[in-house]
Amino acid sequence: MSKSELIVRLPFVLSGCIFPWLIYKWLQRLGLPVAALCSFLILELGPNLVALTSQVRGYAIALLFLALALYFLEEAIEFRSFGRLIASSVFLDLGILTEFSSAFGCAALAIYGLARMYFADFKVREPFLFAWAGTQIGAVGVYLLLYQFMMSDLLSRSIVSSAIGGYLRRGFPMPGESLAYFALKGAAKQFSYLAGSIPGGGLCLLFFLIGLVAIWRPQSDRRFDGGRAWSLAVVAAFGCATLAAAVGAFPFGRTRHSVLLGLLLTPVVAIGVQSIVGRIPRFALGALISLPILFAAMHEPDPQNIARSVHQLNSMQEAIRLLETKIPSGATVLSDDETVWMLSYYLSGRTCPAQPQRATDFHESIIASRSFITNRWGYRDWDDAQADAKQLREQRKIPAGERIFILHGGFDGMSGNTPGAESLAGVFILAESH
C-alpha cells in the first residue's frame, strides 16, 4: 500500500469528481439538460464540497455510491430491469457501509422509487415492485446489523456525548426549542453549507422555492414527473434528519456530517435555475457558469474544518521538525487522542494506528522514542490539560520538579495564549507542567 499523500487522497478526489457527472446524466435522462449542467457545476465546484472531497473521509465515496444507486434505480424503473435494480441496491448498501448519513439517502431513494413508479406513464408489474421492496428491506437489514455490531456501542461512548455537547451542539435541538423551528433552521443551513456561505445559501433557497413552484404547477409538462418524485424524496430525507437530531443520534446543521442532504436538494435548486435561465438560452451558459463563481467569491471558512492557514503539508512538516527539536528523546508527553493519532502517522512511517481502547484512565503510546500519554479525545482548554497532568503525577508518582510536556492539536484546541505555551508552526500548542 502506498504512503504517498497523493495516492492516499486520490480515491476521495476521484469520487468527488465523478458523482456530479452521475447526477448530470440522471437529470439528462429526465429531460432536464439545463438543470443537469447546473447541478454538475454546483456539485463539482462548490467550495465546501471541493475541500471535503480532498480529505481522507468517507463522505466523497458515500456521495458516489448514492449517485450510482440513484442512476441505476432510474434505469431500472425505466427499463423494468432486475439487473439494474440489483446494481442500485448493491451501491446503496455500500453507501450505508461507508457513512451513517447514507440513511438520509436511503429514505430519499425509497420515496423517490415509489413516487417515480407512481408518476410513470407506464405500468410497473408486481414482480418488479416486489423485487424493489426486497431491496429496501435489505437496506434496512444492513442498518440493523450495523446498529447491533457498531452503532449501539458508538452512541454510548463518551466521545459522542462530548461532541453533541461541544462542537456539534448547534446541530441538535436546544432545550425548549420548537422541533418545527429547528427543522426549518436545519434545512436552511443545508443550503448555506452547499453554497459555502449564508448569502449563497439564501440564493440557493430562493432557487429551490422557484424549482418547487416549477415542478408542482398544474401546467408542468411530463419532464417534471421525475422532479416531483425527487422533491418528495428531499422532504422525506429532511424529515429523517430532523428526527435523527431530535433523538440525539445525528447532527442536522451546517456541517459536513449531513453533506448528503446537499446532494439531494441540488437538483431542485437546479430546476429552479433552469426555469429562469431556460427562457433566455442565449445567456443560459454564462448564467450557469457564473453561479459557482459567485459561490466561490462569497465563500466563508467552514467552522467545522481545521483552519486553512495550518491545513498545509509544509506546516505539518515544520511542526514535526520543531517538535523533535523541543521535546527530548525519552520525554513524557501528555496529549490527546486526536493529536497522537496524527503524530503516529507522521512519526511512525505514515501508518494509522487503531483508536485506543483504554483499560485504565491513561493510555500510553511510544512514538519516536517519546512516551505519549492520553486520557481523552481532545482538550477544550488549559484546565483540562492541567487536570490530566495533576492526575498523571499522582498515579505515576512523578516528582513535582520533573517536566511533563503538554502537546495539543486538532480541531478543538487550547488557545495560543495559554500560559507558557508556544505554537509549533500553528499546528500544535506545546506547553509544560512542572
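A disulfide here means a pair of cysteine sulfur atoms within 2.5 Å. By that rule, the count for this chain is zero disulfides. Bear in mind that this is a predicted model. The chain has 434 residues, of which 49% count as buried, and its secondary structure comes to 16 helices and six strands.

**Cysteines**

- Take Cys106 to begin with: its closest cysteine sulfur is in Cys240, 9.3 Å away, so the two are too far apart for a bond.
- Cys106 counts as buried because its relative accessibility is 12%, and the cut-off for that label is under 20%.
- Cys204 is in no disulfide either, with the nearest cysteine sulfur, that of Cys38, sitting 8.3 Å away.
- Cys204 has 0% relative accessibility, so it counts as buried too.

**The chain as a whole**

- Looking at contacts with a separation of 6 or more, 74% are between residues 24 or more positions apart.
- The accessible surface is about 20500 Å², and carbon and sulfur atoms account for 63% of that.

**Nonpolar cores**

- The largest nonpolar core holds 87 residues, and Trp26, Tyr112 and Trp230 are the ones with the most contacts inside it.
- Helix 4 (residues 59-79) gives this core its largest share, 13 residues.
- There's another core apart from that one, with 19 residues, including Leu323, Ile327, Phe372 and Phe405.
- If you want to look around Trp230, leave out residues up to four places away in sequence and you'll find it touching Trp26, Leu70, Leu109, Tyr112, Leu264, Pro267 and Val268.

- The six strands make an open sheet with mixed pairing, and the order across it is 2-3-1-4-6-5.
- Strand 2 (363-367) and strand 5 (422-424) are the edge strands, each pairing on one side only.
- From one strand to the next, the twist averages 30 degrees.

**Strand 6 and its partners**

- Strand 6 (residues 428-433) runs antiparallel to strand 4 (residues 404-408), and five bridges join the two.
- Along that pairing, Ile404 stands opposite Ser433, while Ile406 has Ala431 as its bridge partner.
- Strand 6 also pairs with strand 5, again in the antiparallel sense, over three bridges.
- Five of the six residues of strand 6 are buried, which means the strand is largely enclosed by the rest of the structure.

- Helix 15 (residues 337-347) lies across strand 1 (332-335), strand 2, strand 3, strand 4 and strand 6.

Terms used
Residues are numbered from 1 along each chain as its sequence is written. This is a predicted model: local features need pLDDT of at least 70, side-chain atom pairs count only at pLDDT 80 or more; totals for chains, interfaces and linings use all residues. Side-chain values use heavy atoms; hydrogens and water are left out. Helices (H or I, at least four residues) and strands (E, at least two) are DSSP runs, numbered from the N terminus. Buried means under 20% relative accessible area, exposed over 50%, partly exposed in between (1.4 Å probe, protein chains only). Contact means heavy atoms within 4.5 Å. Accessible areas come from the Shrake-Rupley method with a 1.4 Å probe; for residues, only the protein chains shown count as cover. A nonpolar core is a set of buried Ala, Val, Leu, Ile, Met, Phe, Trp, Tyr and Cys residues joined through side-chain atoms within 4.5 Å. Two strands pair if DSSP finds at least two bridges between them. Axes are lines fitted to C-alpha atoms, for helices over the stretch in contact, and angles run from 0 to 180 degrees between N-to-C directions.
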